[in-house]
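Here is a set of questions and answers on one protein model. Look at the structure first, then read on.

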Amino acid sequence: MTTLAVTGHMDLTEGSVSLVRVALDDLLKPYVDDGDLVGVSCIAKGADSLFAETVLAAGGRLTVVIPSRDYRQNKVKPAHAALFDRLVEAAEEVIVLPNETADRQAYEAANAVLVERADRLVAVWNGEPPTGKGGGTADTVLAARAAGVPVDVVWPDGATRRG
């Protein structure tokens, strides 16, 4: 069994979504061929959900990590709610962390679970350094590398973030 966790940007441009989806398909193919892929994701909009959809479409199993008890109610926007709910329903395992509020501390705790569970971390990341706020994509990449977890960066040519 191979467990791949994901971290990535939420604000992908519309044109980047298809580029990232193709890159994720390519990256996951060797693991799918092995027949026992588990994907771990916080299923936020953008990269996290794209990864989760790709894992499921490839026949893999999904583990969802929800950062706080209020996350669905207070952080999932209406445009993302249907996909979020569909991914939760499709997940083999759903871990809701005991944090009451979705804040930086909750996101950092969720990212720690991703790194802890991962054989490899998939980072849909443009390579920019951490913002200093904590809980972001770059922070998770650095934590994974510090823990000795290999990181596969996915940022296809032409991918961009909304400004």
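Q: Which helices each supply at least two residues of the lining of the second largest pocket?
A: This is a predicted model, where local features need pLDDT of at least 70, side-chain atom pairs count only at pLDDT 80 or more, and totals for chains, interfaces and linings use all residues. Residues are numbered from 1 along each chain as its sequence is written, and side-chain values use heavy atoms, with hydrogens and water left out. Helices (H or I, at least four residues) and strands (E, at least two) are DSSP runs, numbered from the N terminus. On that numbering, the helices that each give at least two lining residues are α1 (14-34), α2 (47-57) and α4 (78-90).

Q: What is the volume of the second largest pocket?
A: A pocket is an open set of points on a 1 Å grid over the protein atoms alone, where a 1.4 Å probe fits, with protein on both sides within 12 Å along at least five of seven lines; lining residues have an atom within 4 Å of a point. Grid points are joined across faces, edges and corners, and the volume is the space filled by probe spheres set on the points. The second largest pocket has 13 lining residues, with Leu 12, Glu 14, Val 17, Lys 45 and Gly 46 nearest its centre. Its volume is about 220 Å³.

Q: How many charged residues are in the lining of the second largest pocket?
A: Ala, Val, Leu, Ile, Met, Phe, Trp, Tyr, Cys and Pro count as nonpolar, Asp, Glu, Lys and Arg as charged, and the others, Gly among them, as polar. The lining of the second largest pocket holds five nonpolar and three polar residues. The charged residues number five.

Q: Which helix gives the most to the lining of the largest pocket?
A: The largest pocket has a volume of about 700 Å³. Of its 31 lining residues, Met 10, Arg 104, Gly 135, Gly 136 and Thr 137 are the closest to its centre. β1 (2-8), α3 (71-75), α5 (104-117) and α6 (137-146) each supply at least two lining residues. The most, five residues, comes from α5.

Q: Why is α2 largely enclosed by the rest of the structure?
A: Buried means under 20% relative accessible area, exposed over 50%, and partly exposed in between (1.4 Å probe, protein chains only). Thr 54 in α2 is buried at 4%. Others buried in α2 include Leu 50, Phe 51 and Val 55. α2 is largely enclosed because its buried residues number eight of 11.

Q: Which residue in β3 is the bridge partner of Val 40?
A: Two strands pair if DSSP finds at least two bridges between them. β2 (residues 37-41) and β3 run parallel, joined by four bridges. Of the six residues of β3 (61-66), five are buried. The partner of Val 40 is Thr 63.

Q: What is the handedness of the β-α-β unit made by β2, α2 and β3?
A: A crossover is right-handed if, with the strands pointing away from the viewer, the path from the first strand over the helix to the second runs clockwise. The unit of β2, α2 and β3 is right-handed.

Q: Which residue in β6 is the bridge partner of Leu 121?
A: β5 (residues 120-124) has four of its five residues buried. It is joined to β1 by five parallel bridges. β5 also pairs with β6 (residues 151-154), in the parallel sense over four bridges. The partner of Leu 121 is Val 151.

Q: Which residues form one aromatic cluster?
A: Rings of Phe, Tyr and Trp (its six-membered ring) pair if their centres lie within 6.5 Å; planes under 30 degrees apart count as stacked, over 60 as edge-to-face and the rest as tilted. Tyr 71 and Phe 84 are tilted, because their centres are 6.0 Å apart and their planes at 35 degrees. Tyr 71 and Tyr 107 are edge-to-face, at 6.5 Å and 90 degrees. The cluster is Tyr 71, Phe 84 and Tyr 107.
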